[in-house]
Amino acid sequence: MKILFYDSKSYDKESFSAALKNYPQIEAEFLDTDISLSTVSLAKGYEAVCIFVASAADAAVISALADQGVRLLLLRCAGYNNVDLAAAEKAGITVMRVPGYSPEAVAEHAAALLLSVNRKIHKAYIRVRENNFSLSGLTGLTLHGRCAGIVGTGRIGAAMCSICRGLGMKVIAYDKYPSRDLDYVEYVSLDELFRRSDVISLHCPLLDDTYHMINIDSIRKMRDGVILVNTSRGALIKTEDLIQGIREHKFSGVGLDVYEEENENVFENREDDILEHSTTARLLSFPNVIVTSHQGFLTEEALEAISRTTLDNAVSFYEGKPISENIVHR
Ligand code: NAD
């Protein structure tokens, strides 16, 4: 079986090359370039292509892939909002993903953003490097005893609940389908979560009903001085409204691993670019905002698990018994 990897970075090549030693039936080619209408012809002769979160597999790309003979679209990630599933179904292309490679990795990154933005580690790091040992402006909250509001208690959200509990926080949550396993978590309505939480961390998927769930109306329901963390998907938050909320001094901190405009930036070095008209640049201008570049998944363990499951997905499809829980349906 031949798989073409689009948008592959050094860490993808390393982790997949190591895993491929155990899959002699798979031949892989790694491309730096991302998938698009102008690069889809490179997939001719491959049964499967593999893409990541920022690749746009829209209807036109999917139909062009089918024309090249591709039958399997492998997502080396959990989210699938970048794929036109209706187009894939119509084109007869099976879409498979890696649902839960290392939920703890993403939750730990959410916690890192929370702790950093709360204790102003991003500012302290730079100050001390400039021989400035003053503490003014660095006051944070003691999280112990405060209330964490977790939106979405699936695999990652549950791991975040456990971390917040470990910090001594009261954990409340909102999920359309509450979990029976989290007996220490109090499930509340979304409005109550906004009202009560000192920290809000987003872990639900991006769907029609979660698009822009954080907007100026929901922001105004939140407590003053709340900390907001998003490691899920950028469009859960309406960025313009977030910026308005930051300007209105609603937040003591905001930690974003994902944001609406990220697709042009993620995993690229744009240090010589001038980001004109960019909401990213505006977000970065605020002293109480930390932005990372969609790196929640980036641990050795997660990369290894992603490689293994992606290749297992390919083999199972090739053998005519695709792992059903990893198939993405419309
Ligand atoms: P999951 O499917 O295990 O959990 C999602 C939870 O959200 C489920 O419990 C579901 O019931 C709940 N949910 C669904 N609709 C909801 C709604 N309208 N309101 C509230 N909750 C709702 O998914 P997961 O593995 O925990 O991943 C969560 C998200 O994290 C993914 O959708 C993905 O976007 C994101 N993610 C980010 C990174 C990163 O590197 N930053 C890595 C992996 C995943």
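The accessible surface of the protein chain amounts to about 16,000 Å² (Shrake-Rupley method, 1.4 Å probe), and carbon and sulfur atoms contribute 49% of that area. The structure is a predicted model, in which local features need pLDDT of at least 70 and side-chain atom pairs count only at pLDDT 80 or more, whereas totals for chains, interfaces and linings use all residues. Residues are numbered from 1 along each chain as its sequence is written, and side-chain values use heavy atoms, with hydrogens and water left out.

The protein chain contains 11 helices and 12 strands, defined as DSSP runs of H or I with at least four residues and of E with at least two, respectively. Its radius of gyration over C-alpha atoms is 21 Å, close to the 20 Å given for 330 residues by the globule rule (2.2 Å times the number of residues to the power 0.38), so the chain is as compact as a globular protein of that length. Along the principal axes, the C-alpha atoms fill a box of roughly 60 × 50 × 35 Å. Of the contacts (heavy atoms within 4.5 Å) with a separation of 6 or more, 68% join residues 24 or more positions apart.

Of the 330 residues, 52% are buried, that is, under 20% relative accessible area with a 1.4 Å probe, protein chains only. No disulfides are counted under the criterion of paired cysteine sulfur atoms within 2.5 Å. The sulfur of Cys77 lies 8.3 Å from that of Cys50, the closest cysteine sulfur, which is too far for a bond. Cys77 is buried, at 1% relative accessible area. Cys147 is likewise in no disulfide, the nearest cysteine sulfur being that of Cys164, 9.6 Å away; Cys147 is buried at 8% relative accessibility.

Note on methods: Buried < 20%, exposed > 50% of the residue type's maximum accessible area, 1.4 Å probe, protein only.
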